[in-house]
Protein chains: 2
Amino acid sequence: MMPEIYVLRLGHRRNRDKRVTTHCALVARAFLAKKMYYSGEKDENLEIKIKGVNERFGGDFSIEYVNGWREIIENFQGKKVHLTMYGIPILEEIEKIKSFDKILVIVGSTKVPKEIYFLSDFNIAITNQPHSEIAALAVFLDKVFDGKELNAEFSNAKIKILPSKAGKRVVKLV
Amino acid sequence: MMPEIYVLRLGHRRNRDKRVTTHCALVARAFLAKKMYYSGEKDENLEIKIKGVNERFGGDFSIEYVNGWREIIENFQGKKVHLTMYGIPILEEIEKIKSFDKILVIVGSTKVPKEIYFLSDFNIAITNQPHSEIAALAVFLDKVFDGKELNAEFSNAKIKILPSKAGKRVVKLV
């Protein structure tokens, strides 16, 4: 059984973070999370963009703005995993994490409130080096799903990419 | 033997791409690439930022602007792997790729020139879904290095993060 994954992206700023949060949401979707919540500023354009990708490429991923992060974390019925460069190396905890049914993966922005570290069941590092919450999320999900997400099929897709040695092959399904 | 990895980031735009290219460079460094070349617009701030991370967190990663992508690709003495959602699934080619000594990993931006697909030895997909070049680069390097990058030590670091179950522990080394 693969765990059911939800993502919480903290502190979105409509202008400054628009591309980074979009990348987070697209990674969450492509790497088989069910849903991404985001806090900070509500962003219609972000939501429209993700819905557009869903419509074309399929699947039932969704994105939802939440007014504050505390309520969603405290009420989440499952394990909470915060991705941070200050945490415990992923390989030390991955087997335990894979055994859970339902996980909220929390990814920060510039300043993560200190409480997040203590409200989370796990603080997990994808390397203890500074890099990218987008990369951390992707590598985390790849480990949780054991690479199975890499060849996943999405239901109700309107278009589908066929793997090519060179160039682009896209088929319309409807 | 682990392959020696170089990254080429295509088409950087100083304003629009500053955070995305910074994330690419930080991922390249944290996931043990030797160097990142970038084409498009030269960006002093990007270079200063990456040098600052190197100075504090160690290692000998470097970043270099290149005037055009063609020369660097054509002159590269090693295999060229272009990451693209249109490519062949990574798991089909990873064993072959891991056997090479020296690899140039090419990551695009919005519009990748068609020739890139044909100048590359491999076009590799990290899922055939739209997501993020930052995520694709991280997952690719994690597969090439078999997760060994996740616990790597960086030489000459001034500060180092000690893994913690909660909170932050940073030690000064000089």
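**Strands, crossover and contact**

Modeller: Start with one pair: Tyr37(A) stands opposite Glu64(A) in β3(A). This is a predicted model, where local features need pLDDT of at least 70, side-chain atom pairs count only at pLDDT 80 or more, and totals for chains, interfaces and linings use all residues. Residues are numbered from 1 along each chain as its sequence is written, while chains are lettered from A and ligands numbered from 1 in the order in which they are written.

Colleague: What makes β2 and β3 of chain A a pair?

Modeller: Pairing requires that DSSP finds at least two bridges between two strands. β2 (residues 35-40) and β3 (residues 62-65) of chain A have four bridges, in the parallel sense. Strands here are DSSP runs (E, at least two residues), and helices are runs of H or I, at least four residues, numbered from the N terminus.

Colleague: Why is the β-α-β crossover called right-handed?

Modeller: The chain goes from β2(A) through helix α2 (residues 44-57) of chain A to β3(A). With the strands pointing away from the viewer, a right-handed path from the first strand over the helix to the second runs clockwise. This crossover is right-handed.

Colleague: How many residues make the contact?

Modeller: Chain B gives 43 and chain A gives 43. Residues count as in contact if their C-beta atoms, placed from the backbone, lie within 7 Å.

Key:
Contact = placed C-beta atoms within 7 Å.
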